[in-house]
Amino acid sequence: MRINKSKVAIIGSGLVGSSTAFSLITQGVCDEVLMVDINAEKASGEVRDLRNSIRFLGRNVRVKAGTYTDCSDADIVVITAGAPPKAGQTRLDTLDISAKIAKSIVEPVMKSGFDGIFVVVSNPVDMLAHLVYKLSGLPKNQIIGSGTSVDSARLQNFLADLVDVDPRSVYAYALGEHGDSLMVPWSTVTIAGKSFTDIIADNAELVGDVDLDEIVYKTTQEGWEIYNRKGTTYYGIASACVGIIKAVLYDENSIIPVSTLLEGEYGQTGIFAGVPAVLNRSGVFDILEIHMTATEEEKFQHSANVIREYTAKIQKYEN
């Protein structure tokens with residue numbers, strides 16, 4: 001008799017990678033966490049520290065340091081390694097060096113015999129997810145970018161604060177690029193089934209004047225607000241990443257806005273963009289196409305054009 005065990009490999013043991021590992025361990029999501037880093041001593045140090053937490057947690061998750069060869073039997077490989085933006089840069093400014101890093105990771109992982117699911121977290125995530133898809137040769141459903149998952153969480157927090165409710169009661173998506181061009185289809189935003197626009201109209205004394213464009217802008221800038229105060233972001237994106245991993249390993253059919261390959265959905269073809277997707281053991285099982293107004297469709301088209309422009313810039317790394 002064979003008992004299957006779940007294994008998640010994390011490439012990159014910086015703050016995002018180590019926070020993802022810690023979240024996996026504290027929640028007991030999988031049987032084994034493998035940490036791989038070009039700096040083997042850094043990965044080893046993180047593993048030693050993480051193992052010291054197991055005694056006080058609910059499950060004995062095995063934590064190991066290893067190499068790309070050890071990814072052969074992983075169910076999921078998470079790519080967190082990348083080039084962080086410097087002061088004054090955007091995520092897009094790191095594209096070229098991050099593409100080189102992604103290529104240096106995907107090729108040896110695939111050489112190991114890996115046939116699982118890639119979860120791409122490194123930025124700019126939409127373009128890098130596309131590159132991982134091309135380099136790996138895996139089916140599109142096995143490549144998931146973290147996309148606008150954390151942006152949507154930030155949006156939900158802003159709206160929850162505005163009307164003083166639990167953010168988990170807010171149903172709102174940020175879509176398109178994980179970056180400055182993301183958009184929000186306000187016509188679909190609800191709180192406990194009631195449209196957000198109706199809530200604004202019915203509670204003018206509570207919420208006051210609401211500038212929807214300002215909320216979108218705040219959503220795009222929240223990562224930088226955190227960056228300017230503490231140097232980087234990691235808890236939010238690590239939690240979003242673990243939410244994606246859980247949906248896959250537990251076969252949840254959860255709907256999470258992730259970056260996935262569009263082949264006609266939302267009128268787009270050949271790009272990875274953040275859209276609501278059904279996630280289960282197969283990876284991206286289906287894409288949820290929500291109906292948008294003509295103005296919202298134009299904004300999504302603009303974001304898609306940005307993604308397409310920058311994706312074309314790294315085609316040279318696809319071979």
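Reply: His178 is buried, with a relative accessible area of 7%; here buried means under 20% relative accessible area, exposed over 50% and partly exposed in between, computed with a 1.4 Å probe on protein chains only. The model is a predicted one, in which local features need pLDDT of at least 70 and side-chain atom pairs count only at pLDDT 80 or more, while totals for chains, interfaces and linings use all residues. Residues are numbered from 1 along each chain as its sequence is written, and side-chain values use heavy atoms, with hydrogens and water left out.

UniProt positions follow the numbering used here, feature names are shortened, and annotations may be inferred rather than shown by experiment. His178 sits in the loop between strand S7 (170–171) and strand S8 (190–191); helices (H or I, at least four residues) and strands (E, at least two) are DSSP runs, numbered from the N terminus.

Leaving aside neighbours within four places in sequence, His178 is in contact with Arg91, Asn123, Val125, Asp126, Gly147, Thr148, Val150, Asp151 and Arg154, where contact means heavy atoms within 4.5 Å. The "binding site" annotation, also taken from an unreviewed UniProt entry, covers Arg91, Asn123, Pro124, Val125, Asp126, Asp151, Ser152, Ala153, Arg154 and Thr233. Of these residues, Ser152, Ala153, Arg154 and Thr233 are included in the lining of the largest pocket. A pocket is defined on a 1 Å grid over the protein atoms alone, as an open set of points where a 1.4 Å probe fits, with protein on both sides within 12 Å along at least five of seven lines; lining residues have an atom within 4 Å of a point.

Two of the annotated contact partners may be followed further. Asp126 belongs to helix H4 (residues 125–136) and is buried, with a relative accessible area of 1%. Beyond its neighbours within four places in sequence, Asp126 is in contact with Gly147, Gly176, Glu177, His178, Ser259, Phe272, Ala273, Gly274 and Ile307.

Arg154 lies in helix H5 (residues 149–163) and is likewise buried, at a relative accessible area of 11%. With neighbours within four places in sequence again set aside, the contacts of Arg154 are Arg91, His178, Thr219, Glu222, Gly223, Ile226 and Thr233.
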